[in-house]
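User: Please take one part of this structure and look at it closely. Then place that part in its surroundings.

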Amino acid sequence: MNPAPTAACREHDLNTVTDEEAGWEATFRSAGPAEVLMKMGLGIVFSASALPILPVLVMGWLTRLMRRRIRVYWMRRITEVRELSDFEPTAGAVGKGPCRSAWPNWLMADDLTGEASLSNRGAMRFLRRCFGGGVQNFKAGLAALAGAWVLTLPAGALWTFSWYAGWNNSFNKGYEQAAVGPLTGLAGVALFIAAMNFLPLAHARQASAGTWKAFFDYRAVRGVIRTRRPACVGLAFCYALFGMVLLVLLVLPGFIEGFYPAATEMSRPELRALTRRYYLGVAAFGFPCLMMLKLLAARIYAQGMLTLSREEAGRLLLSDREREFFDRYAPAGGVGFLTTKRKRSPGLAGVVLRPIGFVAPLATAACWFAFAAQIYLSQFLYFKSFAGWLNHPWIQLPRFFYWP
Amino acid sequence: MDDRSGRATERREDGGKLKAPRTSVGWERRDGGVSRRQFLRDSLAGLGTLSLGGGFLAGPGGASAAEGIVAAARPVYRGAHVVIIRYGGGARRRESIDETHTWSPFLRHELTRRGTLFPLMEIASNQGVETGHGQGTLNILTGAYGAYRDVNHRLLGERFEPVAPTLFEYLRKSFAIPEHQALIINGEDRIDEEFYAFSNHHLFGVGYRSNVLSLYRFKTHLLRRRLEQGGQSAEERRRMKAELGKMESLDGRVDTRAPQSKAMEGFWDRWRDYYGEDGLRNPRGDRLLTELALRAMRQLHPRLMMIHYQDCDYVHWGNLNHYTRGIQIMDQGIRQIVEFADRDERYRDNTVFVIVPDCGRDASPLRAVPCQHHFTRASREIFALLLGPGIGRGKVVDRHAEQIDIAPTVAAIMGFNSAHTEGRVLEEAFA
C-alpha cells in the first residue's frame, strides 16, 4: 500500500526505515538547509520558552530524531554490506515508501498521506494531521524525562540536602556535624557520575526501542558502553567542554547589574522581556549543542549494538522493534551478516585508541566529575534554589529560560 | 543638597533646625591631657634609657619594641573610647538602614536617632579596589584603598599586608596604650584577618600592633598552657609543640614569638574556666564576637576596639535566611554592646561607636537571593553610623562619603595624627 518514492527522493540520500510508532514505512531523505534552519529554529524557540510544556516537546523531538538516526545508520550499513555481497533485496529494499525528511516534525504529523491516515476521518483526521507530530513528541518527551529524573533524582536530592543542610549547619557553627554536608555532597557526585555514565546511551536505547521501559535496559546499555568505551569518553568530554560555555551563559544574568546597569531601572515586564531575549540567545547555543550530543549518543548506540550483535548473546539484547527491523531488512543470517564483513586493520586510530580503552572508565568519570563541578559552580555564582540541583537543560528538561 | 557655601546640608531625623558643621574637632583639644613639661621630662627619660641599649624586636615595620622605654615618652590617653563595628559579611543598605525593609531594627530605629548617619557612603570603584571583607576592613583601618593580593597567592585568599598604617598603630604610637587595650575581635572562620593588626609601614609596624581576641588565639593560649603544665607523652608533646609553632608563626613578618601580656593570659584563663577548652560550649559565630567584645570591655577595657562581624556572608551559598538572620544577629550584638557601654561607668558617655559595613551586596533584579558582593554597583554602596559624645544626634548627611573617610575621622575623634590616610574627616558628624 505504500506509494512509490518520488523522483526527488531518488536523487537524495535514500534510507528506508520503518517508523514503528506510526506503523508505516517511508523513505527518508536528508533535510535541506531551509528545513534545518526552520526546525532548529523552532527547537531554539521552544527550549527558550517560559512555558514548561514546550521543552517537553523538545525532549520528545530529540528522542524521535535519535531513533531515526539510529535506523538510518543501520540502514546505511545494510546498504554497504549489500553492495559487497550477493545478497538479494527483499521486501525491505531501499527506495520503497513515501519520501519524508529525516528530521521529524515538531507539531504536524509526519505521516500525511500514508496508510495510518486512512484510518481517520473528518475532524480527527484534521487534528491528527495538524498536531500528530506534537502529540508524538510530547509522549516521547515525557517518557525520556521520566527516565532521566528517576536516574538523576537521587543525586539531585542528595545535593539539595547537602547544600541546604550543610550550609545551615555551617552557619550555626555545628562543628560536631561538620562532615555531614560535604560527605553527602560527595555521595551525590558519585551517584551523578554513575547515572551519567548510563543516561545518554539509555536515552538512545529508549529512543531506538520505542518504549519508556527500555530506558532501564541496563544490560543492553552496559554492553554498548563496554564496546564503545573511547567513544563514551568522547561523549562525556563533549558534555564537559561545551558545558563550560553554557555555564558562563547561564550565570551571566545574575551579574546583569555589572554590565547592563540600566536593568536596575527597568520595570518587571521590561526585565522579563529582556530576559526572554537573552535566553533565546542562550538557546541558540544550547539547543544545537544538545542536539549534537544526542546524535552523538545515538551514533554510539547504533555502533555498539551492531558490534554486540556479532555474538548470539549480544543479539538477545536487541529490543523487539530492533529485532523486527533487522529481520525485515537483513534477514539472511539476521543481524550477524551485517557484522561479518571484511576486517579492517585498526590503523593509527586503533593504535592510539586501544590503550585508551583501559583508562576509559576513569576518564569518563573525570569528565562527568567536571560536569558536576560546573553545576556546583553555577549554583554558587547564580543560585537557582532547588531547581538548580534537580534540572540541567542538557540532562533533564531542556529549558534554558530562568526567571527568579 | 548643598547650601550656598557649598557645604553639605544636613537634616535631622526629628525635623529640627539645620546646623552648620563645625570644622574643629572636639577631641583635638583633649590630646591626652599631658603638659609640655611632663612630655619633655618623659622624652628625656626615654632617650636616656635608649642610650643604655634597650632591646629591639626585629620586624619589617622597623619600629622599636623597647615599648616600655619609648612609651614613657608618649602621653597617656584620656580621650573617648572608640568601638568600630564592622557591620560585616556584606550587607546592603536595603536590609540595614532602609526604614521599611530593615532587618536591623535597633540600628535603624534607635541608634540613628542617637547619632549621625551617612547613607551614601561608598567604596571607590578605582581599579584594583575590590569589594571584599578583608579589603573593606583594611580600607576602614588604614584610610587608604589598596589593590590587595594574598601574600601566599592563594585563590580567594585574604591574607593581606597593608602598606599604610592602621588606626591601632597610629593610636599606640601617639599614646601610651598597651597592646591589650587595642583590640581586634575576630571570628573563627577568617584566620587571615588575625593579621590585620599591623602594617608593613617603615615608621610603624609590629611594635604598635593591636592584639586579637579570637578562638584561634584561645587555642594558641591553650596549647602553651598545656605545654607549661606538662603531663603529656613525649610524642604528644612533640606534636603539640609542632602545632603551636605552626600557629604562632603564621604571620611571617614576626620573627620571634613574644609571650602574651599578663592581662591577655588572665583573660584567656578566665575564658577557659568559664567555657571549657573544647570550643564547643561558648557562643558561636557572630554571637561569639559579641561575647568576646563584652568580656573584653569588662576585663581589658580597650580604648580602641574593632569587631569583625561576618555571619550574613553565608548567603553566598544561597540560603536567604542566612543573610537576614546574620543581620539580625549583628543587630542584637550591637544592642548588647551599646547597652553595656551605656551602663558601664568606664564607657558611659565616653564611647564613640562607628558602625560601617566592609562592603555591600548585589542587588541584581534577576537574583532571588543576593549571594554575591562583587562586580556590581550595589556591592560598593554602604553606609556609616557614628554616635557618641561629640557626635551630632539624629542627623542624616546626604552627601557622598568614602569608606576610607572612617580612619581620619576616628583619628580626629581620638586626637592623633593620621598622616598616611587618604580620606577626609567626616566633619559633618561632629556636633
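Analyst: Start with Arg272(B) and Asp269(B). The two form a salt bridge, with their closest N and O atoms 4.0 Å apart. A salt bridge here is a side-chain nitrogen of Lys or Arg within 4 Å of a carboxyl oxygen of Asp or Glu. Side chains of opposite charge can pair when their charged atoms come close.

This is a predicted model: local features need pLDDT of at least 70 and side-chain atom pairs pLDDT 80 or more, while totals for chains, interfaces and linings use all residues. Residues are numbered from 1 along each chain as its sequence is written, chains are lettered from A and ligands numbered from 1 in the order in which they are written, and side-chain values use heavy atoms, leaving out hydrogens and water.

Where does the pair sit? Arg272(B) and Asp269(B) both belong to helix H9 (residues 262-275) of chain B. They are three residues apart, about one turn of the helix. Helices (H or I, at least four residues) and strands (E, at least two) are DSSP runs, numbered from the N terminus. An α-helix has 3.6 residues a turn, so residues three or four places apart point the same way.

Are the two partners buried or exposed? Arg272(B) is buried, at a relative accessible area of 18%. Asp269(B) is buried too, at 16%. Buried means under 20% relative accessible area, exposed over 50%, and partly exposed in between (1.4 Å probe, protein chains only).

Now set a second pair beside this one. Arg399(B) forms a salt bridge with Glu428(B), and the closest N and O atoms are 3.3 Å apart. This pair links distant parts of the chain, with partners 29 residues apart. Arg399(B) lies in the loop between strand E10 (395-397) and strand E11 (401-402) of chain B. Glu428(B) lies in the segment after helix H12 (406-414) of chain B. Arg399(B) is partly exposed, at 31% relative accessibility, whereas Glu428(B) is buried, at 3%.

Arg272(B) and Asp269(B) belong to a network, joined by salt bridges that share partners. The network also includes Arg225(B), Glu228(B), Glu265(B) and Asp273(B).

Glu265(B) is buried, with a relative accessible area of 17%. What does Glu265(B) touch, leaving aside its neighbours within four places in sequence? The answer is His221(B), Arg225(B) and Gln260(B). Contact means heavy atoms within 4.5 Å.

One more pair belongs in this picture. Glu95(B) forms a salt bridge with Arg94(B), with the closest N and O atoms 3.8 Å apart. Glu95(B) is buried, at 7%. Arg94(B) is partly exposed, at 42%. Over all chains, the structure holds 40 salt bridges.

Next, the interface. The contact takes 30 residues from chain B and 28 residues from chain A. Together the two chains bury about 2700 Å², 61% of it on carbon and sulfur atoms. Trp317(B), Pro365(B) and Leu366(B) supply 29% of the area that chain B buries against chain A, more than any other three residues. Buried area is the accessible area (1.4 Å probe) that two parts lose on being put together, summed over both.

How many salt bridges cross the interface of chain B and chain A? The rule finds three. In one salt bridge, the side chains of Lys173(A) and Asp189(B) meet at 3.3 Å, N to O. On the side of chain B that touches chain A, twelve residues are nonpolar, eleven polar and seven charged. Ala, Val, Leu, Ile, Met, Phe, Trp, Tyr, Cys and Pro count as nonpolar, Asp, Glu, Lys and Arg as charged, and the others, Gly among them, as polar.

Last, the partner chain. Chain A has 14 helices and three strands. Of its 404 residues, 50% count as buried. In helix H6 (residues 218-227) of chain A, the buried residues include Ala220(A), Val221(A) and Ile225(A). Among the elements that cover the buried residues of H6(A) are helix H5 (180-209) and helix H7 (229-251) of chain A.
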